[in-house]
Amino acid sequence: MTQAAFFVLTALADQPRHGYGILREIEELSDGEVQLRVGTLYGVLDRLTADGLIALDREEVRQGRLRRYYRVTDDGVQALAAEADRMAAGAGAARRRIAEGRRAPGTAVIPPAPGPGLAGGLA
């Protein structure tokens with residue numbers, strides 16, 4: 001599952017939303033780290049709809065413009081839960097490896113990336 005699909009499903013997990021509402025929710029959920037373009041969003045919505053993971057909930061006309069609201073399906077909830085479990089397991093494995101690497105004798109610990117030294121040069 002792509003990051004975009006994961007965040008779209010997550011944005012729809014609690015309630016139906018229209019396109020702009022989905023974009024705002026994704027930005028909030030990701031603390032601004034994920035900002036989808038409109039074209040990307042609608043491509044993801046089309047794929048998720050074709051896969052049966054989301055469905056059109058309703059259409060409304062607001063200020064002369066049509067808004068399509070999407071909702072997550074039962075299959076979408078299952079797919080989202082499975083992906084969240086997969087990601088959590090991967091994160092747990094990474095944390096364990098990091099902890100093991102720091103404890104193992106003779107294992108090099110990767111230092112943080114060097115920042116600029118005095119006057120922007122390297123010391």
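The structure is a predicted model.

**Residue A13**
- The relative accessible area of A13 is 46%, which falls between the 20% limit for buried and the 50% limit for exposed, so A13 is classed as partly exposed.
- When neighbours within four places in sequence are set aside, A13 is in contact with V72 and L80.
- Although A13 and L80 are separated by 67 residues in sequence, their C-alpha atoms are 8.6 Å apart in space.

**Helix α1**
- Helix α1 is largely enclosed by the rest of the structure, because eight of its 10 residues are buried.
- These buried residues are A4, A5, F6, F7, V8, L9, A11 and L12.
- The elements that cover the buried residues of α1 include the helices α2 (19–29), α3 (38–50) and α4 (74–103), together with the strands β1, β2 (54–62) and β3 (65–72).

**Helices α2 and α3**
- The axes of α2 and α3 come within 11 Å of each other and cross at roughly 105 degrees.
- An angle of 65 to 115 degrees counts as roughly perpendicular, and α2 and α3 are therefore described as roughly perpendicular to each other.
- On the side of α2, the contact is made by G19, I22 and L23, while α3 contributes V38, L41, Y42 and L45.
- Six residues of this contact between α2 and α3 are nonpolar, one is polar and none is charged.

Note on methods. Residues are numbered from 1 along each chain as its sequence is written. This is a predicted model: local features need pLDDT of at least 70, side-chain atom pairs count only at pLDDT 80 or more; totals for chains, interfaces and linings use all residues. Side-chain values use heavy atoms; hydrogens and water are left out. Buried means under 20% relative accessible area, exposed over 50%, partly exposed in between (1.4 Å probe, protein chains only). Contact means heavy atoms within 4.5 Å. Helices (H or I, at least four residues) and strands (E, at least two) are DSSP runs, numbered from the N terminus. Axes are lines fitted to C-alpha atoms, for helices over the stretch in contact, and angles run from 0 to 180 degrees between N-to-C directions. Angles under 35 degrees count as roughly parallel, over 145 as roughly antiparallel, 65 to 115 as roughly perpendicular and the rest as oblique. Ala, Val, Leu, Ile, Met, Phe, Trp, Tyr, Cys and Pro count as nonpolar, Asp, Glu, Lys and Arg as charged, and the others, Gly among them, as polar.
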